[in-house]
Amino acid sequence: MAAKVLTITSGKGGVGKTTTTANLAVSLARDGKKVVCIDGDIGLRNLDVVLGLENRIVYDLVDVIEGRCRLRQAMIRDKRLPELYLIPAAQTRDKNAVSPSDMVRLTDDLRAEFDWVIIDSPAGIERGFRNAIAPADMAVVVTNPEVSAVRDADRIIGLIEAEEKGPARLIINRVNPAMVRRGEMLSAEDVIELLAIELIGIIPEDESVVISTNKGQPVALDGKSRAGEAYHNIARRLNGEKVPFLNLDEKEGLFQKLARMIKPGGN
Amino acid sequence: MAGWLDWLTGQKNKSAGQAKDRLKLVLINDRTDLSPAQLDEMKNELLAVIMRYVPINPDEVNITMSQEGREHRLLADIPLKPAARKR
């Protein structure tokens, strides 16, 4: 096997990088791929709680890099899926404990054994981002349809190109179709036009993401929710399948349609 | 009826349209590292240089930034005044 290293990044914090990493990892593993995800956010570890694996951490990324344990010992296996592993970030260490070349070496050790190595980048454009992007074969930028998130995504896309890791692919997260219809939220088309990169997924705003994260069970585990389905579609696109984008208007009932025709300016 | 009228006139002013227009300008500034003030200054200097060589009407000059993919292009449309014939 020769793994692909996929780095999930965004520039701005809070747009859903970690949720996206967890759900893409779960979706790929559900499709029978061997997946390891790495939390690149040293000092602000979170991928463990989103995946629901926080109680099983013994060693972390920095322990591996500083030689306190073997790589295997820091890999937590997710028992819900056949082949999904997490390498957690260190919570207490100095973030300069890891360098870009450390990350390249680490992922090279993983490549032979896995189909996908997914790295959750920290927010920002500092060392943590450079660590996360250094070993990448492919970079995914997550954004929300909001001015600040789109602006920061554009900055990060430029940096990814400068690091010769481009072209980046785009995931637009937390799209609210009703607001887009009212003209009060940027549409996916608007964001694509502004950022001018290839889209690989649109995730609708979905309560089930919060609910499932509360429980430590990523939405993509059962794939019944809209967001879970959208994540699963991205995983299939990453594997080269042609999957049409979800029609976010589908769920609108006849009543809502009528109401909109009668009162187009309203809800 | 008033609803329709509001809709027709209001569509352009919806916040998504504003967000898009604002972002277009911000992204040009971020990508080129040129502030709107610097862009204006550059335009004025360009015009001053051109006017040293040929007569032009500054009001007819149109200098814009166009975007193709992630690349930007400065486009200048500068109509020249017919030269006064020398005899």
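Modeller: Two strands pair if DSSP finds at least two bridges between them. The model discussed here is predicted.

Colleague: What makes β3(A) and strand β4 (residues 84-87) of chain A a pair?

Modeller: At least two bridges are required, and β3(A) and β4(A) are joined over two bridges, in the antiparallel sense; therefore they count as paired. Within β4(A), A:Leu86 is the bridge partner of A:Ile76.

Colleague: Why are β3 (76-77) and β8 (198-204) of chain A said to stand at the edges?

Modeller: The open sheet of chain A has eight strands in the order β3-β4-β2-β5-β1-β6-β7-β8, with mixed pairing. β3(A) and β8(A) each have a single partner strand, so one side of each is left without a neighbour in the sheet.

Colleague: Why is α7(A) called roughly parallel to α2(B)?

Modeller: Helix α7 (residues 147-162) of chain A and helix α2 (residues 15-32) of chain B pack at an angle of about 30°, their axes being 10 Å apart. Angles under 35 degrees count as roughly parallel, so α7(A) is roughly parallel to α2(B). The crossing is right-handed.

Colleague: Which residues make this contact, and how do they divide into nonpolar, polar and charged?

Modeller: Among them are A:Val150, A:Asp154 and A:Gly158 of α7(A), and B:Leu23, B:Val26 and B:Arg31 of α2(B). The residues of the contact divide into six nonpolar, one polar and six charged. Gly counts as polar.

Colleague: Where does α7(A) lie relative to the strands of chain A?

Modeller: α7(A) lies across β1 (4-9) and β6 (138-143) of chain A, and runs at about 170° to β6(A).

Methods. Residues are numbered from 1 along each chain as its sequence is written. Chains are lettered from A and ligands numbered from 1 in the order in which they are written. This is a predicted model: local features need pLDDT of at least 70, side-chain atom pairs count only at pLDDT 80 or more; totals for chains, interfaces and linings use all residues. Axes are lines fitted to C-alpha atoms, for helices over the stretch in contact, and angles run from 0 to 180 degrees between N-to-C directions. Helices (H or I, at least four residues) and strands (E, at least two) are DSSP runs, numbered from the N terminus. Angles under 35 degrees count as roughly parallel, over 145 as roughly antiparallel, 65 to 115 as roughly perpendicular and the rest as oblique. A crossing is left-handed if the near helix is turned anticlockwise from the far one by less than a right angle, and right-handed if clockwise. Two residues are in contact if their C-beta atoms, placed from the backbone, lie within 7 Å.
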